[in-house]
Amino acid sequence: MAYQTRQRDPLLDSSMQAALEKRGREALGIVLILTGIALTLMLASYNPDDPSWWAATDAVPQNLLGRFGASCAALLMLVVGWGAYGLAIGALVWGLRLATHLGGERILSRIIFLPIAVALGAIYAATHQPPATWVQSYGLGGVFGDTVLGALLNVVPFAIGTGLKILAAVAFLTLIALGLFVFGVNGRELRVALRFMLFGLVNSFAWIGAMFGQAGRGAGQAAMQMRDRRRTRVDRPAQTYDDE
């Protein structure tokens, strides 16, 4: 004997579910933005003399996020150096994308490659000479960047100076390409960005040309005025003599 069961209405209709998903993405985006800001602050205010998990000291931490920020910054700088800024940039970019609904659906397929971009950033940072204020025993790319760069320099069939320049150029170009992919840039967005840059470049050249053109016209007018004044000074004594 067949019984007819009454189907229950869904707790939330499709429009309500879509609205909740949208608000959830926006909330996740705000969390990522705050995380990116926190990472940027702790890395920018990194001080090797601050107390951390392996540096026991009673000194007051100079890091903007206190002892916790000093410890996290020290760990990130030790491992990947300035490549750690890639984590902050990734959090900020994807936070803005999710909060503004601009390509946020691509986050899962792109952000999984962020560690590779951070590692590549560490290698590129390791190719640069640290500033005089850098007192750590490792370079700008951290222990990871120095280790990988040293291994690559032993492999490339060039002198150390030439090999370092080649590796820096390759790492930079690869980092730009991988960064665009990791940060969710697609073909349409890239074309818009290139068109905007080209438009700005053309306008800049036009503005510079206009400035030089105005300067040239002003100089020409000044030269003509000086020539007229000289002629007037030369002709004035002759006219006076004729009048006498």
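Biologist: Which residues make the nonpolar surface patch, and what counts as a patch?

Modeller: Patches are made of residues with over 30% relative accessible area and no salt bridge; like charges are joined within 9 Å, and nonpolar side chains (Val, Leu, Ile, Met, Phe, Trp, Tyr) within 5 Å. Areas come from the Shrake-Rupley method with a 1.4 Å probe, and for residues only the protein chains shown count as cover. Here Phe 172, Leu 173, Ile 176, Leu 180, Leu 190, Leu 194, Phe 196 and Met 197 make a nonpolar patch of about 810 Å². Helix H7 (160–182) and helix H8 (187–243) are the elements that give two or more residues to this patch.

Biologist: What kind of model is this?

Modeller: It is a predicted model; local features need pLDDT of at least 70, side-chain atom pairs count only at pLDDT 80 or more, and totals for chains, interfaces and linings use all residues. Residues are numbered from 1 along each chain as its sequence is written, and side-chain values use heavy atoms, with hydrogens and water left out.

Biologist: Is Met 197 buried or exposed?

Modeller: Learn the cut-offs: buried means under 20% relative accessible area, exposed over 50%, partly exposed in between (1.4 Å probe, protein chains only). Met 197 has 56% relative accessibility, so Met 197 counts as exposed. Met 197 is found in helix H8. Across the protein chain, 27% of the 244 residues count as buried.

Biologist: How many helices and strands does the protein chain have?

Modeller: Both are DSSP runs, numbered from the N terminus: helices (H or I) need at least four residues, strands (E) at least two. The protein chain has 8 helices and 0 strands.

Biologist: How do I read contacts along the chain?

Modeller: Contact means heavy atoms within 4.5 Å. Take the contacts in the protein chain with a separation of 6 or more: residues 24 or more positions apart account for 60% of them.

Biologist: How many aromatic pairs does the structure hold?

Modeller: A pair of aromatic rings is described by the distance of the centres and the angle of the planes. Rings of Phe, Tyr and Trp (its six-membered ring) pair if their centres lie within 6.5 Å; planes under 30 degrees apart count as stacked, over 60 as edge-to-face and the rest as tilted. The structure holds 4 aromatic pairs. One of them is edge-to-face: Trp 82 and Trp 134, 6.4 Å centre to centre, with 85 degrees between the planes. Trp 82 sits in the loop between helix H2 (66–80) and helix H3 (85–100), and Trp 134 in the loop between helix H5 (114–126) and helix H6 (142–155), so the pair ties together parts 52 residues apart in sequence. Trp 134 is buried at 14%, while Trp 82 is partly exposed at 41%. Trp 82, Trp 134 and Tyr 138 form one aromatic cluster.

Biologist: Where does Arg 97 lie?

Modeller: A charge sits over a ring if NZ of Lys or CZ of Arg is within 6 Å of the ring centre and within 35 degrees of the ring normal. Arg 97 lies over the face of Trp 94, at 5.7 Å from the ring centre.

Biologist: How many salt bridges are found?

Modeller: Side chains of opposite charge can pair when their charged atoms come close. The rule is a side-chain nitrogen of Lys or Arg within 4 Å of a carboxyl oxygen of Asp or Glu. The whole structure has 2 salt bridges. Arg 23 and Glu 26 meet in one (2.9 Å, N to O). They are 3 residues apart in helix H1 (residues 14–44), so about one helical turn separates them. Glu 105 and Arg 106 also meet in a salt bridge (3.7 Å, N to O). Glu 105 is exposed at 53%, whereas Arg 106 is buried at 15%.
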